[in-house]
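Try each one before reading its solution.

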Amino acid sequence: NNATATIMADNFPVGSHVKVEVDGDRRSFLSECHSAGHAIDSAMERCGQNLPPTKGYHFLDGSYVEYKGSIKPEERANLV
């Protein structure tokens, strides 16, 4: 889990008041990771690779985007 702390909702009675703080620098960086996933999608389209994205993971421990389908090995060098 990439959260600094995970708190389950059942730890608080209904109507509880809570205070949440967001690490602005971390949030900004994770937002950039998320935007990078969209940039990858755009690059795939511009290269003529219209594979549908199926999963995106945009965190510091290994961001990636998965697509349905594949690119033939002999075509990959032209895309890099």
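**Exercise 1.** Does Q49 count as buried or exposed?

*Solution.* A word on the source: this is a predicted model, where local features need pLDDT of at least 70, side-chain atom pairs count only at pLDDT 80 or more, and totals for chains, interfaces and linings use all residues. Numbering runs from 1 along each chain as its sequence is written, and side-chain values use heavy atoms, leaving out hydrogens and water.

Start with the cut-offs: buried is under 20% relative accessible area, exposed is over 50%, and partly exposed is in between (1.4 Å probe, protein chains only). Q49 comes out at 14%, so Q49 is buried.

**Exercise 2.** Leaving aside neighbours within four places in sequence, which residues is Q49 in contact with?

*Solution.* Look for heavy atoms within 4.5 Å. That gives M44, I71 and L79.

**Exercise 3.** How many aromatic pairs does the structure hold?

*Solution.* Rings of Phe, Tyr and Trp (its six-membered ring) pair if their centres lie within 6.5 Å; planes under 30 degrees apart are stacked, over 60 edge-to-face, the rest tilted. The structure holds 2 such pairs. One of them, Y57 with Y64, is stacked, at 5.6 Å centre to centre and 20° between the planes. Ring pairs also bring in F59, linking Y57, F59 and Y64 into a cluster.
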